[in-house]
Amino acid sequence: MRLGILGGGQLARMLALSAHPLGISVACLDPAPAACAAPVTNYLQGAYDDPSGLAELAGRTDVVTYEFENVPAESVRVLSEHGPIHPGPGALATAQDRLFEKQLFRKLGIPTPGFAAVGNPADLQRAVSELGLPAILKTRRLGYDGKGQKLLRVPGDLDQAWEALGAVPCILEAFVPFERELSVIAVRAPNGNRAFYPLSENTHREGILRLALSRPGDPQQETAETLVGRLVDDLDYVGVIALELFQTSEGLLANEFAPRVHNSGHWTIEGAETSQFENHVRAVMGLPLGSTAAVGHAAMVNFIGAMPEPAAILTLPDTHLHAYDKAPRAGRKVGHASVRTLDGAQLDALVQPLQRLANEVADG
Ligand code: AMP
């Protein structure tokens, strides 16, 4: 069996590494001359909207998936003429636009922060009078890792924020004073079978994920599964999905979903019976899903900007290194390390030296 991936970054690399033991070969298409998935895939260099590159990817593979949600809609249409592409175009189109995403949450009864569509400065004034301040202005499309958003604190911030985001269609969101940020990662097979990973508790800095902790047995697990379950069933979804949630005094609020494997689920490589990468491959190839049960307690620390010395990481107990083979660059995710222990009381102590190493090299 042959899997094609649009995108050749670290997610494609980890998908390929989990596909190989299943006897599945992987090809990927990426515009970079040496993307980090290249050493472990049949690598095609080309633009995501290049018809000949897309045709070649489709011709070399049985099923196509993608590792990022900003795939051009036209490319998905072209690929779907050649064969199956999972997750499907509906999930992708919704995830590409924050307004569509929030409207779907509302339709499905998935609680979400107050929001309003903003198409011009007058809309922004109206939205602020409706939702109050502070609030967050986010571009509808192409935002990631905290990019494409501005916090509005006082009425004087409005014009500058609108201009700074490029005067493009936006949504305004009420600012949520959350207690915790959580994500629930689910996987759904073509026959509708679903499985859910234990919740992940996430810490961001400057909009970038820094730390994710597995939370097996968390009191919010059941509610989170109900919410993401509604989403995957409505979308007739195939593959892994991540739903990001804010825990507030009034319960869980959905922030956004990613129609792909997710950074907050990297700990599943060591901390679950079947990783999110393997389960995504299984789902999109129509194979039986693997168990999502936790194996002990796990944490993941991202390396942003540059990698620490590998030996400094490998000397730490119960710690597993994942370097992405990427050149250092400010704000770039270049690798991560996970800790897994059977003794949950040890997790904090084990993860602290890893966080210190990450902070020493981080630029933010
Ligand atoms: P996003 O790109 O929407 O995932 O936002 C990046 C990060 O900004 C989130 O992980 C939160 O830490 C923060 N954030 C986003 N939206 C809100 C909100 N409505 N209220 C408070 N914090 C938010």
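Biologist: Which atoms lie 3.1 Å apart between the ligand and the side chain of Arg-98?

Modeller: In this predicted model, an oxygen atom of the ligand is 3.1 Å from an N or O atom in the side chain of Arg-98.

Biologist: And what lies 2.6 Å from an oxygen atom of the ligand?

Modeller: That is a polar side-chain atom of Glu-181. For Val-176, by contrast, the atom is a backbone N or O, and it lies 2.8 Å from a nitrogen atom of the ligand.

Biologist: How much of the ligand's accessible area does the protein cover?

Modeller: On its own the ligand has 470 Å² of accessible area, and the protein covers 91% of it.

Biologist: How many residues surround the ligand, and which are the closest?

Modeller: There are 15 residues around the ligand. The closest are Lys-138, Glu-173, Val-176, Glu-181 and Glu-256.

Biologist: How does that shell divide into nonpolar, polar and charged residues?

Modeller: The shell holds 6 nonpolar, 3 polar and 6 charged residues.

Biologist: Which strands supply at least two residues of the shell?

Modeller: Four strands each do this: β6 (135-139), β8 (170-174), β13 (239-248) and β14 (251-258).

Biologist: Why does the ligand lie between domain 2 and domain 3?

Modeller: Domain 2 (114-174) and domain 3 (180-363) both give residues to the shell, so the ligand lies between them.

Biologist: Let us return to Arg-98. Is it buried or exposed?

Modeller: Arg-98 is one of the buried residues of helix α5, which covers residues 98-107.

Biologist: Which residue caps the N-terminal end of α5?

Modeller: Asp-97 does: one of its side-chain oxygens lies 2.8 Å from the backbone nitrogen of Leu-99. Just after α5, Gly-109 takes a positive phi of about 70°.

Biologist: Next, the nonpolar core. How many residues does the largest one have?

Modeller: The largest nonpolar core has 38 residues. Those with the most contacts inside it are Leu-3, Ile-5, Val-281 and Met-285. In soluble globular proteins, nonpolar side chains tend to be buried together.

Biologist: Which element gives the largest share of this core?

Modeller: Helix α1 does, with 6 residues. The elements that give two or more residues include β1 (2-6), α1 (10-19), β2 (25-30) and α10 (276-284).

Biologist: On to the backbone. Which residues does the cis peptide bond with omega near -10° join?

Modeller: The bond runs from His-86 to Pro-87, and Pro-87 is in the loop between α3 (73-82) and α4 (89-95). Leu-133 and Pro-134 are also joined by a cis peptide bond, with omega about 0°. Pro-134 is in the loop between α6 (121-131) and β6.

Biologist: What is the phi of Asp-236?

Modeller: Asp-236 has a positive phi of about 45°, although it is not a glycine. Most residues other than glycine have a negative phi, and most peptide bonds are trans.

Biologist: Where does Asp-236 lie?

Modeller: Asp-236 lies in the loop between α8 (221-234) and β13. It is exposed, with a relative accessible area of 53%.

Biologist: And what about the phi of Asp-318?

Modeller: The phi of Asp-318 is positive too, near 60°. Asp-318 is in the loop between α11 (310-314) and β16 (319-323). With a relative accessible area of 40%, Asp-318 is partly exposed.

Biologist: Is Glu-69 buried or exposed?

Modeller: Glu-69 counts as buried because its relative accessibility is 15%, and buried means under 20%. This residue lies in the loop between β4 (63-66) and α3. Its side chain is joined to that of Arg-260 by a polar contact of 2.5 Å.

Biologist: What about Glu-309, buried or exposed?

Modeller: Glu-309 counts as exposed, at 61% relative accessibility. It lies in the loop between β15 and α11.

Biologist: How far apart are Glu-309 and Leu-357?

Modeller: They are 48 residues apart in sequence and 8.8 Å apart in space, C-alpha to C-alpha.

Definitions and conventions. Residues numbered from 1 in each chain as written. Predicted model: local features only at pLDDT ≥ 70, side-chain atom pairs only at ≥ 80, totals over all residues. Heavy atoms only, no water. Near = heavy atom within 4 Å. Polar contact = N/O pair within 3.5 Å; in protein donor to acceptor, adjacent residues only side chain to side chain. Areas by Shrake-Rupley, 256 points an atom, 1.4 Å probe, with all protein chains shown as cover. Nonpolar A, V, L, I, M, F, W, Y, C, P; charged D, E, K, R; others polar. Domains from an automatic or database assignment. Core = buried A, V, L, I, M, F, W, Y, C linked by side-chain atoms within 4.5 Å. Buried < 20%, exposed > 50% of the residue type's maximum accessible area, 1.4 Å probe, protein only.
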